[in-house]
Every structure is written in C-alpha cells, then in structure tokens.
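Hi everyone, thanks for coming.

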Amino acid sequence: MKEDIKSLPPEKLAGFLAGLGQPKYRTGQIFAWLYRGVYDFDEMTDLSLELRELLKETAYIERGELLQVRRSRDGTRKYLLGFKDGEAVESVFMKYKYGNSACVSSQAGCRMGCAFCASALKGLSRNLTAGEMAEEIIAMEKDTGEKCSHVVVMGTGEPLDNYQNLARFLSLIHEKKGLALGYRNVTVSTCGLLPAMERLRREFPQVNLAVSLHAPNQSLRSRLMPVARQYQMDRLLAACREHGQETGRRVTFEYALIEGFNDQPAHGEELANRLSGMLCHVNLIPLNPVSETPWKGSDRKTAEAFKVLLERRGVPVTLRRSLGADIDAACGQLRLCKGGPGKVQE
Ligand code: SAH
C-alpha cells in the first residue's frame, strides 16, 4: 500500500525517505511543497527526477476537495471539505485582532453524544487522518490567501477520541518547513476523556487545553454529556487543576449558557466554588441553536449577569460573541455532511 505522505510527522517522513536511500534534508524540501498545497510530485522541482518517480510509486498526497464555501458578514468563512471516500467535514476560518484562527474538525461526526451539539446527531462516521486535518488548514489558506496564526481543534469530533492522528497532526503543523505553528497558538478542546487528556499534557505540554464543562455539577453535566458518566466531574476538575500546576498554563473551560438549565445565579455560585483558586479561564457562550434539539440559549442579560457573578467571585471569565452564526458556523453548529462534488447533502 502506498504511504500517506501528508500524514507523516517529520521524524517519520525522514525515516520513510531514509528507506528510499535519501538524505535528511529532503524532508524539509518535501514538507515545504506539501504545505504550499502541491499535490503532484512532479511539481516538486528541487527533487531529482529519480526521487519523484520513486515517490510516485511508493506514496500519495492526500487531497481534500473544497465542496462549499460560505461567507459570513463578520469575515468568518465555513468550508466543506470532501475526501475520496465520500466523507466531508466542516472547518471554519475566523478573523480576530490577533490574527486568523482555523477551527479544525478531527472526526467525521462524533460519538460523544452531547445533547445540545449538532456534531453528535448522526454519530461517528470515521476518524480523520493527520493529513486530512492538515488539509483543512491548507484549503483555508489557499482560499483566503492568508496565513492561519492560530489553530483550534474545535470542529466536529472529539480530538482525544482520535489521539494518535491528533498527535501526528500537532507535530505536523508545528514543523518549521510546513505551517510552523507554535504549540502555544494551538488549542485542543475535549469533552473530558481523562486518560487521553493526561497523555496530551505529557506529550504536548505547551498546547492549550480547553475543556467543555457546561455545568456546575455532576448531576446537570451528566444530563447533557454522556461522557460525564464515565469520567466524573470531580476527577475531571482534579485533572484540570493538576494540568495548571504541571504546565503553568491555564485551562479554558467552555460553558454554553442554556436558558433555565445552567444559567441561574445558584449555578454561577456553584461553579465559582468549584473553580476557586484554579489556574483557569471560563469562556461563556449563550448556546447556539441547533434545530433538532430543544435547548435554548440564555438571553444577553442573563449571560451578562452570570459573567458578572463569576467576575465578582474572582474567576477569570469572558462572554464570547459568536462568530459565523448566520452561516451555521458557530460552536456546536458544525455537523456531519456527506457529499461528492456537486451533491452536498446535510
Ligand atoms: N469534542 C470536543 C471538541 C468540540 S469543540 C469538545 O467537546 O470540546 C466545540 C465546542 O462547542 C465544545 O465546547 C462544545 O461543547 C460546544 N458546543 C456544542 N454545541 C454547542 C451549541 N449548540 N452552542 C454552543 N456551544 C456548543
């Protein structure tokens, strides 16, 4: 079987090339082509003809096909990228003051089953490879003509349910000759798969960790997120505390405010008690509507009051504005799409 060359992290690519009798500096050359979005070995003009032939026989270059682009009034763009087996994933390009951020999907679909999230509606179709995840960024950079300075793995899927490909992806995009993204500009979000979370901390201590919390206690959390039954909130928060102590970096907690469910002052007090003294930051976001689910986001006033309560209790907090809601590109609105060229179905 041919090697998926775009999914090989630097040391693996070097090993693969060594197997073809090539010197190490070839790795950087090939990386540079791959991340410029070149899909044909013949276009890699600084490689010898002989090596190009050898590569054609032994490897292939993963390519995502841009099936759809939607542009929001706020500069956000949502992409639908299709892969050769007919799977397609959504990714989002966002403009911020500090730079451009790529929100990347890690799986086609998701099997975590969170009650309020569009990505969970049809379950998991399959894991994405590292090269496919990288393709999401390359496609955005090609379409916009701009670099992505930040990456958040917050699209569809649970990245820590696809750890091996995620780890490869992280080292791939960090590679200098490729996208050269600093780990500190990369954020991985998880619903709380504890063992993989701890592994990520050990292997990528500089990558930012975001944890989808969404509730101030175990009982409410487990009504929203089945994963909470497997990994209890006490253990999750203990691991987050430890994360801060070990890495010196704060954990971001995502908290979607749901009308009447987790947005009352008592919930805020309880949350503040649980997070007291922890190196963390809470990102509040009124739940975005997903038409198949009954949940409703809190109104602006309730959300503001929840934020003020946490602030008064000394918990660092931001109330986020939602980007891309007009094109269903906001948090929780990305979903599994199957499609071939010209026949995109949701
Ligand atoms: N599976 C990972 C990565 C997805 S990140 C995780 O759970 O963290 C997407 C973020 O959007 C998560 O915090 C998720 O809980 C949140 N989210 C899901 N549905 C949402 C909705 N309808 N409104 C706002 N946020 C939502």
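The accessible surface of this protein comes to about 15000 Å², and carbon and sulfur atoms own 49% of that. Keep in mind as we go that this is a predicted model.

Now the overall build. There are 11 helices and 16 strands. The radius of gyration is 21 Å, close to the 20 Å that the globule rule gives for 346 residues, so the protein is as compact as a globular protein of that length. Of those 346 residues, 58% are buried. And among the contacts with a separation of 6 or more, 66% are between residues 24 or more positions apart.

On to the rings. How many aromatic pairs does the count come to? It comes to five. Let me show you two of them.

One is Tyr 183 with Phe 204, an edge-to-face pair with 5.6 Å centre to centre and 70° between the planes. Tyr 183 sits in the loop between α5 and β10, Phe 204 in the loop between α6 and β11, and they are 21 residues apart. Tyr 183 is buried, at 15% relative accessible area, and Phe 204 is buried too, at 10%.

Another is Phe 261 with Trp 295: their ring centres are 5.2 Å apart and their planes at 80°, so this pair is edge-to-face. Phe 261 is in the loop between β12 and α10 and Trp 295 in the loop between β13 and α11, so the pair ties together parts 34 residues apart in sequence. Here Phe 261 is buried at 9%, while Trp 295 is partly exposed at 23%.

Methods:
Residues are numbered from 1 along each chain as its sequence is written. This is a predicted model: local features need pLDDT of at least 70, side-chain atom pairs count only at pLDDT 80 or more; totals for chains, interfaces and linings use all residues. Side-chain values use heavy atoms; hydrogens and water are left out. Helices (H or I, at least four residues) and strands (E, at least two) are DSSP runs, numbered from the N terminus. The radius of gyration is taken over C-alpha atoms; the globule rule is 2.2 Å times the number of residues to the power 0.38. Buried means under 20% relative accessible area, exposed over 50%, partly exposed in between (1.4 Å probe, protein chains only). Contact means heavy atoms within 4.5 Å. Accessible areas come from the Shrake-Rupley method with a 1.4 Å probe; for residues, only the protein chains shown count as cover. Rings of Phe, Tyr and Trp (its six-membered ring) pair if their centres lie within 6.5 Å; planes under 30 degrees apart count as stacked, over 60 as edge-to-face and the rest as tilted.
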